[in-house]
Amino acid sequence: MRSVGFRVDVAKHIGTGHLQRCLTLARELQKMSISSIFFVREYDKELLDLITISGFIHHVIGYATFANIPEDHSYWLGVSQEQDAQDFISAISEQHIDMIVLDHYSINNVWENIVKNAISLPVAVIDDLENRKHTCDLLIDQNYWPNLSSRYDGLVSGNCLRLLGPKYALLRDEFVSLRETKTQKYSSRFETILVNFGGVGNLKVWKVFLPALVKCHKFNFHIITGKLSSEDLAYCKNIVKQSKHIYLEEQTNQMSYLMKVSDFALGACGSTVWERFCLGLNAALIDIADNQKDLVSYLHEKNLVDYLGNLNTITVESISSYLNRLSISSSKYRARKHSITHLVDGIGANRVAKELILIYEKGTDE
């Protein structure tokens, strides 16, 4: 096994989480002398720089043909699955690929059957929706669900190996290193809260949270807005410009370090949940997409996070009220820190990479 082909997209309507976890897995495979090539559909050219910056090659297989991509993630490809599969087959025919890894909410067994019939390669799928069938040899779902063992019954074949739960969370190396390192907290008489809702900024979120943070002087806030238009970023900066207890930046390459040194976090229920858990950073979360609702509700039910509500229902007043009541140093959060660090040890990417290699080697022996 020498090369893995990743089929994943990054865009404003998709976010950066799918790509980031694929990049993490690619880095782990690289340590095992296995290269990775990313096959993408271009929506936002600037976001594709995330792949180049990470040191990997990407091939654009096409562009969206839909004039307006619906919010329903079934249509996020921007083209039909049949078209995307054919575009992928054409692109991959010019490369040496030993295995395919998919991470896309718009792809199911329709796409997978077309590709498998044309290219006889093992297929691994990264998913967390449990809402469609897959034709794959390996399925990874890093999330924490009440029905883990039976979650994909009827959606994958009995021969499909399932890697389920936070044991397989795809986290970058620095999270393990920081987890084992004692790091100096912010030197301030105020506790610091890290605030971030994803790599792609959402002005609707900030219109609720920023006014609430401006009014709360019991904490310092370090805000990472995510990628915004210049107008939206200027709008956000203008709201907090008189607030000495707030530091705002659009992007950072120090997120893991900021998680380590912060005292608490406000965020969304995306892949960063497992990063916070690995470092023992307690958080209050909102759900900003339909697919996050069930997960954040279960994490709240298990007393692993605070839940602030859905993006469409939270208000400046509800966030202000929560912050006024928040006591970060209470016994509740000390006990919770122990629970969340126990759940995520940070070496899930290594486990997944080893299983990918075993799947490939099994196929070559048959």
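**Entry 1: helix α7**

I began with helix α7, residues 230-240, and looked up its burial: Leu233, Cys236 and Val240 are buried. Seen down the axis of α7, these buried residues fall within an arc of 60°, so they line one face of the helix. I note that the model is a predicted one.

Which exposed residues does the face turned away from the buried side of α7 carry? I found Ser230 and Glu231 there. I then asked what the buried residues of α7 pack against. The partners are α6 (203-215) and β10 (246-249).

**Entry 2: salt bridges**

I turned to charged pairs. Side chains of opposite charge can pair when their charged atoms come close.

Lysine 31 forms a salt bridge with aspartate 173, and their closest N and O atoms are 3.0 Å apart. Lysine 31 sits in the loop between α1 (17-30) and β2 (35-42), while aspartate 173 belongs to helix α5 (residues 173-179), so the pair ties together parts 142 residues apart in sequence. I checked the accessibility of both partners. Lysine 31 has a relative accessible area of 48% and is partly exposed; aspartate 173, at 42%, also counts as partly exposed.

Next I took lysine 227, which forms a salt bridge with glutamate 46, the closest N and O atoms again being 3.0 Å apart. This pair links distant parts of the chain, 181 residues apart: lysine 227 is in the loop between β9 (219-224) and α7, and glutamate 46 is in the loop between β2 and α2 (49-53). Lysine 227 is partly exposed at 25% relative accessible area. Is glutamate 46 buried or exposed? I read 52% relative accessibility for glutamate 46, and the cut-off for exposed is over 50%, so glutamate 46 counts as exposed.

I also looked up arginine 162 and aspartate 153, whose side chains meet in a salt bridge with an N to O distance of 2.8 Å. Arginine 162 is partly exposed at 24% relative accessibility, and aspartate 153 is partly exposed at 47%.

Which residues are linked in a network of salt bridges? I listed Arg7, Asp9, Arg41, Asp84 and Asp87.

For helix pairs I noted two quantities. Two packed helices are described by the angle between their axes and the distance between the axes.

The axes of α3 (residues 81-92) and α4 (residues 109-118) come within 9 Å and cross at roughly 30°. That angle makes α3 roughly parallel to α4. The crossing of α3 past α4 is right-handed. From α3, I found Gln81, Glu82, Asp84, Ala85, Gln86, Phe88 and Ile89 making the contact; from α4, Val110, Trp111, Ile114, Val115 and Ala118.

**Entry 3: helix α6 and helix α11**

I went back to α6, a packing partner of the buried residues of α7. Its axis and that of α11 (residues 316-325) come within 8 Å and cross at roughly 40°. How does α6 lie relative to α11? I recorded α6 as oblique to α11, with a right-handed crossing. The contact is made on the α6 side by Lys207, Val208, Phe209, Pro211, Ala212, Leu213 and Lys215, and on the α11 side by Val316, Ile319, Ser320 and Leu323.

Technical notes: Residues are numbered from 1 along each chain as its sequence is written. This is a predicted model: local features need pLDDT of at least 70, side-chain atom pairs count only at pLDDT 80 or more; totals for chains, interfaces and linings use all residues. Side-chain values use heavy atoms; hydrogens and water are left out. Buried means under 20% relative accessible area, exposed over 50%, partly exposed in between (1.4 Å probe, protein chains only). Helices (H or I, at least four residues) and strands (E, at least two) are DSSP runs, numbered from the N terminus. The arc is that of the directions from the helix axis to the C-beta atoms. Contact means heavy atoms within 4.5 Å. A salt bridge is a side-chain nitrogen of Lys or Arg within 4 Å of a carboxyl oxygen of Asp or Glu. Axes are lines fitted to C-alpha atoms, for helices over the stretch in contact, and angles run from 0 to 180 degrees between N-to-C directions. Angles under 35 degrees count as roughly parallel, over 145 as roughly antiparallel, 65 to 115 as roughly perpendicular and the rest as oblique. A crossing is left-handed if the near helix is turned anticlockwise from the far one by less than a right angle, and right-handed if clockwise.
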